[in-house]
Amino acid sequence: MDRIFKTYGRLLAGTELGFTRYLYDQINWDNRLIIIKGARGVGKTTMLLQHILKTFANRQKALYVSLDHIWFSNHSVMDLAEYHYVHGGTHLFLDEVHKYMGWQQEIKNIYDSYPGLHLVLTGSSMLKIEDGFGDLSRRHRQYTLEGLSFREYLELEQAAHLPVLSLETILADHFTMASQIASAVKVLPYFEKYIETGYYPFYREEGDGFGDRLLQVIDSIVTGEIPAVGNIEYDSVYKAKTLLAVLAESSPYTLNISALCNALHSSRNNVLKLLDLMDKAALVRRLYAADEGMNMLTKPEKVLFHNTNLMYCLTPKTSVGTLRETYLASQLAVGHQLSMPEQGDLVADGKWLFEVGGKSKGFSQIKGIENSFVVSDNIEIGYDTKIPLWLFGLLY
């Protein structure tokens with residue numbers, strides 16, 4: 001137990017409070033059971049430690065521990081909860097719960113046995129509470145933490161402190177918003193850096209080693225999280241790596257299921273299942289036609305990488321067009337439902353149509369379509385229904 005508390009103290013001492021993620025103020029921290037999902041490396045652990053520092057004058061009331069700690073090789077989470085509770089603890093922060101076998105049942109037992117104990121869990125973006133776990137499935141509050149938005153990146157870089165803008169505000173008043181911001185900060189150089197290395201908060205500590213660190217994160221997701229949460233065999237792990245390589249070599253990523261089946265020596269259903277798991281693991285993003293349902297065995301119209309940093313890391317030669325579309329999708333997807341239109345590149349909430357391109361992109365491809373917009377890269381300020389691409393990074 002000493003090792004648990006030493007690790008806890010060391011992590012608290014190394015945690016900074018200067019910047020907190022967008023999700024922090026959206027969480028109802030008073031809820032008795034909170035689950036925070038998110039891809040590896042987006043800052044879930046830091047957010048828990050920041051909350052402890054901000055909230056608990058008496059640090060012993062709270063306890064943080066990662067469930068991949070060696071202490072759990074011969075102890076249970078129930079043991080930890082019992083010790084913490086009888087010693088006056090009121091809040092237990094459990095990180096990486098997907099790495100602890102049988103975590104759902106044990107958390108349910110703790111929830112039922114210690115009514116005064118608050119639980120905050122973090123885990124893989126693939127994490128799912130099964131419906132059969134009674135109070136656990138009904139009473140928990142679940143949140144998802146995405147990677148840094150461009151707005152957050154500007155704040156971390158101390159370039160600008162900007163408010164979150166709604167999509168409706170951007171579409172209706174983008175000229176005013178972009179003009180005000182561009183007069184205060186040169187956004188395009190920052191935007192270029194964000195696209196390549198700014199989505200994961202650990203870019204600040206890695207410097208030139210960012211690409212290697214991101215490759216390690218990808219490998220950990222494919223070989224650790226997907227098998228643990230998705231319940232697949234090792235052969236499927238190998239095929240997931242092959243699938244990532246195939247997607248990285250083809251641009252744009254218009255799906256050819258037959259070609260993927262041949263490349264992976266696998267059936268159509270298995271390929272679609274892998275795409276589903278990789279989408280849930282925040283490695284890729286499936287886009288469906290607006291009139292199609294979204295489920296594991298429905299063929300998506302297109303597959304993008306989940307964010308532009310992954311694309312830079314895995315793609316030998318990045319397609320500028322796909323890069324732009326990937327960025328727009330990554331920002332819009334937080335709070336909006338995306339689909340593939342018959343004309344244009346993306347539809348948000350079945351209502352707003354976007355055509356993405358460079359600074360000279362025109363309106364011919366979406367001419368006459370209601371609620372349609374051109375989204376242009378390499379411009380600071382737009383006009384009429386032509387909106388700068390970077391501005392969508394202020395959505396969260």
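Me: By class, how many nonpolar, polar and charged residues are in the lining of the largest pocket?
Reply: This is a predicted model, where local features need pLDDT of at least 70, side-chain atom pairs count only at pLDDT 80 or more, and totals for chains, interfaces and linings use all residues. Numbering runs from 1 along each chain as its sequence is written, and side-chain values use heavy atoms, leaving out hydrogens and water. Ala, Val, Leu, Ile, Met, Phe, Trp, Tyr, Cys and Pro count as nonpolar, Asp, Glu, Lys and Arg as charged, and the rest, Gly included, as polar. That sorts the lining into 10 nonpolar, 17 polar and 12 charged residues.

Me: How much space lies in that largest pocket?
Reply: A pocket is an open set of 1 Å grid points where a 1.4 Å probe fits, with protein on both sides within 12 Å along at least five of seven lines; lining residues have an atom within 4 Å of a point. Filling the points with probe spheres gives the volume, here about 1100 Å³.

Me: Which element gives the largest share of its lining?
Reply: Helices (H or I, at least four residues) and strands (E, at least two) are DSSP runs. Elements giving two or more residues include strand S2 (62-66) and helix H10 (210-230). The largest share, 6 residues, comes from H2.

Me: And which residues are closest to the centre of the second largest pocket?
Reply: About 730 Å³ of space lies in this one. Its lining has 28 residues, and the closest to the centre are Glu146, Asp279, Lys280, Arg285 and His306.
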